[in-house]
Amino acid sequence: MKNDRPLLIGTNLKMYKTAAETVRYLSGLIDRSSELPLEELRLFVIPSFTSLYPAREILRDSPIMLGAQNMFWEDEGQYTGEVSPPMLKELGVRIAEIGHSERREHFGETDRDVNRKAAAAIRHGLIALVCMGETKTDKELDIVEERLSEQIKVGLKPLGGQAPGSLWIAYEPAWAIGRGGIPAEPGYVAARHRFIRSVLVRVFDEEGRKIPILYGGSVNEENACAYISQPEVDGLFVGRAAWQAEGFARLIRRVMPVWHAKHSRGVSHD
Ligand code: PGA
């Protein structure tokens, strides 16, 4: 059964795949498009900066959305090494990924930076895909909810009325991400998504219900259905398990019926 709500699903290629490899990967995904209900999806791929131009060329006639892994908040200026929103827009980028845990951990990104970047993305008509989540230490100290509240109140609240509509959130506990990451229990994920939703509603009133919350962190073909069946999980943000086109297409095909079943049961936040 169809539903009006598209499933948001995508991948961040991190610092993997050269431009040539990205083009091969995207061709593989395009080849498999006929097996995928693309009209029921918002499928997105976020490659390295150096892959954006060839990626745009190959995705020209495809509904697959292109994203960038980072972005600076100024339009131009003396900021060596940075990339601005107009530069990304020129390349057909529609999503700016902001505040991934690896950027927070290795490059010192703060919630204040996240806020400036998200505001700039939205001002330029990009979707700000803001990543948030607790670290292993936060979890051990039992301050997960405090951390998530802080990430929302400092990172997103100042966006005010600009936010809903142009903002997607990816909840990704840092301890569950990447090689060595421990997949989170679906019940744990459901509770965190519920909590994030409650803070979003407090901060943005009813509009807060419309902000999609994706889940990410060691999502794979085996566990994806368990995550997507949770209430308030509006999509999936996949790393390693999506980096082969065939495996990613299989994962999507497995998830779709579960997504439809969830919505036909009326499990939705709107
Ligand atoms: P992973 O990456 O699926 O490889 O854990 C997720 C992410 O970093 O978004």
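Tutor: Happy to, and one term comes first: a polar contact is a pair of N or O atoms within 3.5 Å; within protein, one atom must be able to donate a hydrogen and the other to accept it, and residues adjacent in sequence count only if both atoms are side-chain atoms. This is a predicted model, so local features are given only at pLDDT of at least 70 and side-chain atom pairs only at pLDDT 80 or more, while totals for chains, interfaces and linings use all residues. Residues are numbered from 1 along each chain as its sequence is written, and side-chain values use heavy atoms, with hydrogens and water left out.

Let's begin at the ligand. Around it are Lys-14, His-100, Glu-172, Ile-177, Gly-178, Gly-217, Ser-218, Val-219, Gly-239 and Arg-240; a residue is listed if one of its heavy atoms lies within 4 Å. The polar atoms are worth a look. From an N or O atom in the side chain of Lys-14 to an oxygen atom of the ligand is 2.8 Å. Glu-172 places a polar side-chain atom 2.6 Å from a ligand oxygen atom. With Ser-218 it is a polar backbone atom that lies 2.8 Å from an oxygen atom of the ligand. On its own the ligand exposes 280 Å², and the protein buries 99% of that, by the Shrake-Rupley method with a 1.4 Å probe; for residues, only the protein chains shown count as cover.

Now for the strands. Helices (H or I, at least four residues) and strands (E, at least two) are DSSP runs numbered from the N terminus. In a regular strand the side chains alternate between the two faces of the sheet. Buried means under 20% relative accessible area, exposed over 50%, and partly exposed in between (1.4 Å probe, protein chains only).

β7 has a partner in strand β6 (residues 167–171): the two run parallel and are joined by three bridges, and strands pair if DSSP finds at least two bridges between them. Opposite Ile-213 of β7 stands Ile-169. To get from β6 to β7 the chain passes through helix α8 (residues 186–204), making a right-handed β-α-β crossover. Right-handed here means that, with the strands pointing away from the viewer, the path from the first strand over the helix to the second runs clockwise. Strand β8, residues 235–238, also runs parallel to β7, again with three bridges, and Gly-235 in β8 is the bridge partner of Leu-214.

Glu-232 is not a glycine, yet its phi is positive, about 70 degrees. Because its relative accessible area is 15%, Glu-232 is buried.

Let's compare that with Asp-142, in the loop between α6 (136–140) and α7. Asp-142, a residue other than glycine, also has a positive phi, near 60 degrees. Asp-142 is exposed because its relative accessible area is 64%.

Helix α7 (residues 144–155) holds Ile-152, which counts as buried because its relative accessibility is 0%. Setting aside neighbours within four places in sequence, Ile-152 contacts Met-132, Lys-157, Ile-196, Val-199, Leu-200 and Val-203; contact means heavy atoms within 4.5 Å. Ile-152 and Arg-197 are 45 residues apart in sequence, and their C-alpha atoms are 10 Å apart.

Thr-22 lies in helix α1 (residues 19–31) and is buried because its relative accessible area is 1%. Beyond its neighbours within four places in sequence, Thr-22 is in contact with Leu-13, Lys-17, Pro-47 and Ser-51. Ser-48 sits in the loop between β2 (41–46) and α2 (52–59), and it counts as buried because its relative accessibility is 14%. The side chain of Ser-48 makes a polar contact of 3.2 Å with that of Thr-50. Ser-48 also touches Lys-17 and Gln-69, leaving out residues up to four places away in sequence.
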